[in-house]
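Please consult the sequence and the model while reading.

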Amino acid sequence: MSILGSLDWNDIFIVPFFTDPSLSTGIAAGAGGIVVLGALAVMVLLTVKGWWKPLWSNWITTLDHKKIGVIYIVLALIMLIRGVLEAVVMRAQQVSPAPGFLSVEHHAELFSTHGTIMIFFVAMPFLTGVINVVMPLQIGARDMEFPFMNAVSLWLSIGGAALVMASLVVGHFETGGWTAYPPYTGIKLSPNEGVDYWIWSLGLTSVGSTLSGINFLVTIYKQRAPGMKLFDMSIFAWTTLCTAILMIFAMMPLTVASLMLALDRQAGFHFFTATHGGNMMNFANMFWLFGHPEVYILILPAFGVFSEVIPTFSGKKIYGYTSLVWATIAIAVLSFTVWVHHFFTMGQTAHLNAIFGIATMTIGVPTGVKVFNWMLTMWRGKLRFSTAMLFSTGFIFTFVIGGITGVMLANPTIDFATHNSLFLVAHFHNMLIPGLLFGMFAAVNYWFPLCFGFRLDEKWGRRSFWLWMIGFYGAFMPLYAIGLMGAPRRMAFFTEPAYFPWLVIAMLGALCVLAGLTAQIIQVWVSVKNRESLMVPAGDPWDGRGIEWSLGCPVPEYDFSTIPAMTSREPWVDAKEAGKRVMDPTEFVDIHLPKPTGMPFLVGLVATLFAFAMIFQMWLIAAVGFVAMWVLVLIRSYDTDWEETVTAEELREGYEAHKRLVETTPQIRLDDEFTTKNRGLIMETQV
């Protein structure tokens, strides 16, 4: 038995191009080359700039929830670039004369990686990162309840993403779609390493997400500021609470299903093999028992973002706070009751389909409550259309379209007609692009100053919004039309002439989305370049309502000099209305923060090596990696020197410095909010 298992030279990305040169293998080799050259370029840049040491000490070893959140978001944006590029290539393939420029297998690999990346390595890291940055600040906490576990979750997620990227360089990813249904993904029909890449990349990230859910939940329960009751929390904190519960209970079915599939493939089990007593529909049930709560894991944090952005830029408190909370809870509960609508066509009875159809329609009710609450919050408000507000308002009417089509698909008879068509693809993207990505884009533009101390450039931010908005409608509305005409999804090419004009429009829309993503990259570059003119050191550049805006920008590592005493639902608004520019301090006492440590990074690295070894059946390396992973955790368990102290005097000095800065900063009008006059000022009171 070779120590390298099933790995051989033919798995290297460049070899297939030389053995079977074609445009398809050339594109695959080019993608692998970009990954390799990109990694080398980053290492050269870090070496030339001398950034290795600060990267290690300030970021890789950090246990600060804000920095961990930033790393999650950077991971999501890197993977988003790949996901969008893959989408453009697939659209180009479908508008090309049949059979197109990609092989059927290559196209199948693309739509499998695209779906896997966008759900697990864009959406999940994005929302986890935003929650990491914002939620502790909104509840008056100094960090997560379990900082070390928070960092381990991060590096497990990065490890899963690294495996997906590695599939471009070594071997191939699976071709059975992001859902990886057996029997196609069984060992007989998919004998290569592709399905194992899917299993182990998702295995790492699902464990990381489960740990994050536990961390979020316990942090909200245990770390809320004195006096903050559950119904005093912000709506974003409420959506985080419900999301955390969903993450804990919904990720486990996915983890179990993927491990059962691994046992089927590698150990001769037959959980999903019909000819040996198994049942392939058990996989579908377990996958979607995760999959539909997952939809709300993705969307609820975005709902929380909109519930923060819309009141701020409407100059009003949120309309119907209590109804929004109960709507959030209702969505979380009902999300576990609708999974069968993903396979109405499996052959179960009409009675069962009717039950799940009714449940699916019912979950639209609390979602509708939220939409009306947001619109009534904007009603007669003093609206200011920042980039964050544009993404929020663009979400509302776009998401409603997706919701209407969702109610249509909740009817089993309609679902039978549109199942596995591009109509379903359009609906799915109609929910998740405005429902998740627009929310996360709004969050980044809104809370960016908390992490870096300066605002993002509004001009490029607005350009990116319009490009994303136009691109979304161009890319997916045509799919509704040809889906109703009968166009099936996952097709490498079409021969029906009636589809072609719609596919061309979809291609142009995909290019517009790519332009929107490019505009966002330019926005960040321009903002960093002009950061001096965008600095907001006094904090609160938007006349915000949450207590996170009572801090300076960037927020210090310890978050709060003194834990705020909560006397109302919006104490920061109350303080500003009373003419104060800082919240009154409580008691200055020594605090203890976790020291930076490289142990979470090592745990994630060893776990990734273990998973890679499992993919290519390197059993000895896998065994060593598995043992090493737990040895590292055990070593950490015996570490008693893991805290560092910030003295009460240091906290007092930080508070006094922030107070002096704010008091010497002149107040400006809201009309100057997006100009260079905004230095993080406390805005004038709105009406």
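Helices, as named in this report, are DSSP runs of H or I with at least four residues, numbered from the N terminus. By that numbering, aspartate 543 falls in the loop between α18 and α19. The model is predicted, and every value below is computed from it.

Helix α4 comprises residues 65-95, and lysine 66 lies within it. Is lysine 66 buried or exposed? Its relative accessible area is 6%, and buried means under 20%, so lysine 66 is buried. The side chain of lysine 66 makes a polar contact of 2.6 Å with the side chain of aspartate 559. Apart from residues up to four places away in sequence, lysine 66 touches Val133, Val555, Pro556, Glu557 and Asp559.

Helix α4 packs against two further helices, α5 (residues 104-138) and α17 (residues 500-529). The axes of α4 and α5 come within 7 Å and cross at roughly 155 degrees. Because angles over 145 degrees count as roughly antiparallel, α4 is roughly antiparallel to α5. The crossing of α4 with α5 is left-handed. By class, the residues of this contact comprise 24 nonpolar, 11 polar and three charged.

With α17, the axis of α4 makes an angle of about 160 degrees, and the two axes are 9 Å apart. This angle makes α4 roughly antiparallel to α17. Here too α4 passes its partner, α17, in a left-handed crossing. On the α4 side, the residues that meet α17 include Leu80, Ile81, Val84, Leu85 and Val88. On the α17 side, those that meet α4 include Phe500, Leu503, Val504, Met507 and Leu511. The contact of α4 with α17 has 18 nonpolar residues, one polar and one charged.

**Alanine 302 in helix α9**

Alanine 302 is placed in helix α9, residues 280-314. Its relative accessibility is 0%, so alanine 302 counts as buried. When neighbours within four places in sequence are left aside, alanine 302 is in contact with Gly435, Leu436, Gly439 and Met440.

**Backbone geometry in the loops**

Most residues other than glycine have a negative phi, and most peptide bonds are trans.

| Site | Feature | Angle |
|---|---|---|
| Alanine 98 and proline 99 | cis peptide bond | omega about 10 degrees |
| Cysteine 553 and proline 554 | cis peptide bond | omega about 0 degrees |
| Arginine 380 | positive phi | phi near 60 degrees |
| Aspartate 543 | positive phi | phi about 55 degrees |

Where do the two prolines lie? Proline 99 is found in the loop between α4 and α5. Proline 554 lies in the loop between α18 (531-534) and α19 (571-577), and aspartate 543 is likewise found in the loop between α18 and α19. Arginine 380 lies in the loop between α12 (364-378) and α13 (387-409).

Aspartate 543, at 10% relative accessibility, counts as buried.

Note on methods
Residues are numbered from 1 along each chain as its sequence is written. This is a predicted model: local features need pLDDT of at least 70, side-chain atom pairs count only at pLDDT 80 or more; totals for chains, interfaces and linings use all residues. Side-chain values use heavy atoms; hydrogens and water are left out. Buried means under 20% relative accessible area, exposed over 50%, partly exposed in between (1.4 Å probe, protein chains only). A polar contact is a pair of N or O atoms within 3.5 Å; within protein, one must be able to donate a hydrogen and the other to accept it, and residues adjacent in sequence count only if both atoms are side-chain atoms. Contact means heavy atoms within 4.5 Å. Axes are lines fitted to C-alpha atoms, for helices over the stretch in contact, and angles run from 0 to 180 degrees between N-to-C directions. Angles under 35 degrees count as roughly parallel, over 145 as roughly antiparallel, 65 to 115 as roughly perpendicular and the rest as oblique. A crossing is left-handed if the near helix is turned anticlockwise from the far one by less than a right angle, and right-handed if clockwise. Ala, Val, Leu, Ile, Met, Phe, Trp, Tyr, Cys and Pro count as nonpolar, Asp, Glu, Lys and Arg as charged, and the others, Gly among them, as polar.
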